[in-house]
Amino acid sequence: MVFSSIAFLYYFLPAALLLYWAAPRHLKNAALLVVSLFFYFYGEPVYTLLLVFSAVSDYLHSRYIERHRGRKRAGIALASSIAINLGMLGVFKYGGFGLALPVGISFFTFQTMSYTIDVHRGEVKAEKGIVPLAAYVAMFPQLVAGPIVRYKSIAEQLRNRRHGVEGIAAGMGRFVVGLGKKVLLANRFAEFCGAYRAADSPSVLYHWAYAVAFSLQLYFDFSGYSDMAIGLGRIFGFAFPENFNYPYISRSVTEFWRRWHMTLGSWFRDYVYIPLGGNRGGKPRWIRNILAVWLLTGLWHGAAWNFVLWGLYFGVLLVFEKSVGLGWLGRLPLAFRHGYVLLAVLLGFVAFNGEGMQGMVEDLGGLFGGNGLPFFSAEAAYQLRSHSVLFLAGAIGATPLPKRMYLQATGKGTGKRMAAFLEPLAMAALFLAATAYLVDGSFNPFLYFRF
Amino acid sequence: MKRQRRALLTIGLTGGLLLGTMALQVLGEDPAVSLWERRKLARFPEASVEKLLEGRLVPELEAYLADSFPFRDGFRRVKALLETQVFGKLDTNGYYKADGHISRLAYPLEEAQVALAAKKMQEIQKRHLGGMKVHYAAIPDKNYYLAEPNGYPSMDYGRLTEILQEDLRDMAPIDLFDCLDREDYYKTDPHWRQERLDRVVRRLGEEMGFVPTPFDRYERKVRPGFYGAYAGQSALGTKPEELVHLMGGGILETKAYHADKDEWTGVYVESADLAMDGYSYYLGGAAALQVLVNPAGETGRELILFRDSFAAPLAPLLMEAYDKVTLVDLRYMPSGLLGEHIDFGDQDVLFLYSTLVLNNGGVLR
């Protein structure tokens, strides 16, 4: 089920909240599990069994690991758990058996792997109850597109969480902001990208506009989803980790990846990069480790060569920055550093979104006038004029400026008093505006559902 | 305390919206059609395990929920306003407003589609129209007059004309592009206005060799409250127009035979579904095969008119020049059936299609 749909907003969510709040405290996890399974079943009726299997498998494995901690058996159980999770990914994502990709499989397998690894490391105790663990694995707010929530970060909340009025309201606010990002910005950038793909008269200008539009679409789509997930988590009493921190204001690619899809980055750091040795053991090994992590990051997005190249591209940039570039970059004017990051990321995302290798080469070539493309076309000019406010809103909205201005305006005095009732009204207005687009719009699933 | 009040207001407003809307949708009646959007609305889907497992149920349910959403038309209007007034978008869902008209973007030129339309006409000519006097004309859609001057993209009309000329060498072309301007079209509809077709009829007369009825002999009749197709589909908001039809010049005497329904009416059809489409007043709307007969006609001439909806208000204006006009809409009648329904002889033949249909020529069967 898609958060930004009438079915979710006006049927599933109210019904799920009523059921959850009506449940007595000791049955809240069970209520959460039931609504989460229904949420997944609605979009993936068959693969719901896979989700249940994953939860049961990791529950049994973790219990076994806990019982035999420190012994060889625990290691074998961990290997078995990882093999099953990677096996599911392998079969459905990389197997090429013509099977449809279960929505969110990359997210929930990574979550469950982190759980059994942490149990094995002794960083967290194995969950005794199957219901709380299954509620964690299947929890609908972050089930299909993250953030990747580690069990240890919400283990305490699974047992004991508070549902205060302020937390619920803050969660609703965060959810509505995310909904606005997705529906009012990401989907509209997607329209621009769709027009570009269907263009009658492509041009260099159109290619660059597309590169910017897709980069902003991806940001607002994914960070909007993360906002909605974090907001929903808060409504249900959970504190999920942040996933984005204004990545487009970064001054280096290294910084960009500390601000973009933060939970995936930290997952690879803790479960791949550091176990491989991190930056210990000499430069060649350190470079190997970085490239391995980025090769895997690319592959995590899909079994396609453009994802592999995309991952290695960023791996190489990060090696360059960490070995020679960061110091050198730091001495350059700020504008140049921002420009460098934006250009590097734009090129990366164009490659990322290419339709296969050939499509990737064509899209990248188009940026530089490949195949004798003209610089300008009337069609590109029309689309740019028609979307100029959107591009402006997107560019400003991707920086902390709006939030900073809002906090400044509502921090004290009259602004603070007015915000007390204007903020809820603004939220309701934003919610209605998003609804207007959904009522008139078509089905727009989130981009990260496909990973 | 203040923070808690704010929180309660947020929860109350958002919760009220969610629950209130759900209640309205569940308890309210589902309309079967949307008069504004001129389409059937999705119905609650029939559920089955097979449908669910194959993933067909959810899209149908989503379509139903959007179509039956409370205050749907109001929300569509809000979206159109946000698009154009807040985000400054030049069109919404492809519809735009310029010079007081609402129109729909029609670009780029689909050359293959135009070629398909031409091929269909060629096939019919080869099979049925040997030795007959055959003309063709493209009716410019109103983007031809509105788009470029207002900065909107439009199809390459010059190239469209070229393709037709190249592919239809055995037919005589009639140029209508200079016989019209934007005011000859309804402001809220893609179609032209019957009372402003005098230049078109005169041009047809010149090329096809008939004497057109002078327009001053017609009497204008007005039907108020006409909202064209674009009014509701665009949700851009507009005032109603007056639908004008002409009487006199053989129109009153002419009878229309509707082969689909095996029924005779006048050329203006009160019983048509005018709530859905006011323009159906002309000849009753879409039909595969119709025959107009003027019993008082004395010319002895007949016309076979391959046409789209633009011909509905035009054909009655030809009823002093022709005793009988057979109208064929190849969107609804396969060309393979022509021989069964029409006796081809020494009739005049005119292929008359709007550029919108030509640009989507695959619809001609």
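Trainee: How much area is buried between chain A and chain B, and what share of it do carbon and sulfur atoms give?

Mentor: In this predicted model, the area buried between chain A and chain B is about 4,500 Å², and carbon and sulfur atoms give 70% of that. The contact involves 48 residues of chain A and 46 residues of chain B.

Trainee: Why is the pair Arg6(B) and Glu423(A) called a salt bridge?

Mentor: The closest N and O atoms of Arg6(B) and Glu423(A) are 3.1 Å apart. The cut-off for a side-chain nitrogen of Arg and a carboxyl oxygen of Glu is 4 Å, so the pair qualifies. Across the interface of chain A and chain B, the rule finds 4 salt bridges.

Trainee: Which elements of chain A give two or more residues to the side that touches chain B?

Mentor: They are α1 (6-22), α2 (28-43), α9 (165-197), α17 (378-386), α18 (388-397) and α20 (413-440) of chain A. The largest share, 17 residues, comes from α20(A). By class, this side of chain A divides into 33 nonpolar, 5 polar and 10 charged residues.

Trainee: Turning to chain B, what separates domain 1 from domain 2, and what do they bury between them?

Mentor: The assignment gives domain 1 (2-76) and domain 2 (101-363) of chain B. Their centres, taken over C-alpha atoms, are separated by 40 Å. Between them the two domains bury about 840 Å², with 57% of it on carbon and sulfur atoms. Trp36(B), Arg38(B) and Arg76(B) supply 75% of the area that domain 1 buries against domain 2, more than any other three residues.

Trainee: What makes Asp277(B) and Arg38(B) a salt bridge?

Mentor: The closest N and O atoms of Asp277(B) and Arg38(B) are 2.9 Å apart. Because the limit is 4 Å, this pair of Asp and Arg meets the rule. Across the interface of the two domains the rule finds 1 salt bridge, together with 7 residue pairs in polar contact, both residues being at pLDDT 80 or more. The side of domain 1 that touches domain 2 has 3 nonpolar, 1 polar and 4 charged residues.

Trainee: Why are residues such as Arg203(B) in helix α8 of chain B called buried?

Mentor: The term requires under 20% relative accessible area, and Arg203(B) is listed as buried, so its value falls under that limit.

Trainee: Against which elements do the buried residues of α8(B) pack?

Mentor: They pack against β5 (133-139), β6 (172-175), β12 (302-307), α10 (311-314) and β14 (348-354) of chain B. After α8(B) comes Gly209(B), whose phi is positive, near 80°.

Definitions and conventions. Residues numbered from 1 in each chain as written. Chains lettered and ligands numbered in written order. Heavy atoms only, no water. Buried < 20%, exposed > 50% of the residue type's maximum accessible area, 1.4 Å probe, protein only. Helix = DSSP H or I, 4+ residues; strand = E, 2+ residues; numbered from the N terminus. Contact = heavy atoms within 4.5 Å. Buried area = accessible area lost by both parts, 1.4 Å probe. Nonpolar A, V, L, I, M, F, W, Y, C, P; charged D, E, K, R; others polar. Domains from an automatic or database assignment. Polar contact = N/O pair within 3.5 Å; in protein donor to acceptor, adjacent residues only side chain to side chain.
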